[in-house]
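This report looks at a pocket, a helix and some salt bridges. The sequence and the structure come first.

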Amino acid sequence: MQEISFKNKDNLTLRGFVHQPLFGSADTAIIFPHGFPGHCSGSAQRFCRSLSCFGYLTMSFDFSGTDTSDGNFSDKLMSKEVDDMKYAIDFLEKNYSFKKLFLIGISTGAIDAALYAHSDKRITGVVLLSGLADLKRGVHYDFTEQQIALFQKKKYIVYNRPEKWYHGKKLKKAFYDEFFVLDIPRALKKYKKPLLIIHGSKDEGIPVLEAKDLYKVANEPKKLVVISGADHQFSSLFHGLQVLWHVVSFLR
């Protein structure tokens, strides 16, 4: 694993890692945008490490305002994460050699990938893990009713998660407001390259309905896979291996 850093459009330093393939050189590269309010050292790193064993160059990074990267968590926006994607691809293209490039996003990272993919011709294909189609419904997946009330009253919330890196951090209402502005189906209808959608049937965060709605609006070629019994992060070894099998088959 190599630690990497690069600048985004606001001149903030974003930090992450690259896994080189264990043997030979990679024909295919993968960028793995992480979920919210997660970071690249979670499930993204787990999948990137595993995929590098199959001969792929993999990269993940903390979006601006996230953990190791520069920027304030309170100022986070999904639209900023989408903007960060371009600079991640620019960095990878400048510093590594590959012929094909895939985005594999999980949760909010899947939202970012779905919103961005149509705008960049360098992208060969996209995998959406535990994604969603309707951000207006998504408000109630990411935030409790109490948090929504606090957004309306105080214009911010503060996270109380002592075991997490974002404990005690403030998040402004602007992040919540984008759930009513950003349009995933509209962006996905503009994307006309291969798409794989994978969702757990027991996803506790986002119901499988969202994956089915993504599939309905997407263009061919597309495939929907529902992993029986899998949770939001595909955290069991059995479910994780199933995801890897479907992803590697798609990449090949």
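The lining of the largest pocket comprises eleven nonpolar, 13 polar and four charged residues. The model is predicted, and its largest pocket holds about 780 Å³ of space. Of the 28 lining residues, F36, P37, G38, Y166 and Q233 are the closest to the pocket centre. Helix 1 (43-52) and helix 4 (135-142) are the elements that give two or more residues to this lining.

Helix 2 runs over residues 78-95, which makes 18 residues. From first C-alpha to last it reaches 26 Å, close to the 26 Å expected at 1.5 Å a residue. Its buried residues are M78, E81, V82, D84, M85, A88, I89, F91 and L92. These residues lie on the same side of helix 2, because they cover an arc of only 165° around the axis. An α-helix has 3.6 residues a turn, so residues three or four places apart point the same way.

The structure has 14 salt bridges. Three of them are listed here.

| Salt bridge | N to O distance |
|---|---|
| D83 and K9 | 3.0 Å |
| E81 and K76 | 3.0 Å |
| R137 and D134 | 3.9 Å |

D83 is in helix 2 and K9 is in the loop between strand 1 (2-7) and strand 2 (13-19), so this pair ties together parts 74 residues apart in sequence. D83 is partly exposed at 29% relative accessibility, while K9 is exposed at 51%. In the second pair, E81 is buried at 2% relative accessibility, and K76 is buried at 3%. In the third, R137 is partly exposed at 28%, and D134 is partly exposed at 25%. Elsewhere, salt bridges with shared partners join K86, D90, E93, D120 and R122 into one network.

Methods. Residues numbered from 1 in each chain as written. Predicted model: local features only at pLDDT ≥ 70, side-chain atom pairs only at ≥ 80, totals over all residues. Heavy atoms only, no water. 1 Å grid on protein atoms, 1.4 Å probe; cavity = no way out; pocket = protein on both sides within 12 Å on 5 of 7 lines; lining within 4 Å. Points joined across faces, edges and corners; volume = space filled by probe spheres on them. Helix = DSSP H or I, 4+ residues; strand = E, 2+ residues; numbered from the N terminus. Nonpolar A, V, L, I, M, F, W, Y, C, P; charged D, E, K, R; others polar. Expected span 1.5 Å × (residues − 1). Buried < 20%, exposed > 50% of the residue type's maximum accessible area, 1.4 Å probe, protein only. Arc of directions from axis to C-beta. Salt bridge = Lys/Arg side-chain N within 4 Å of Asp/Glu carboxyl O.
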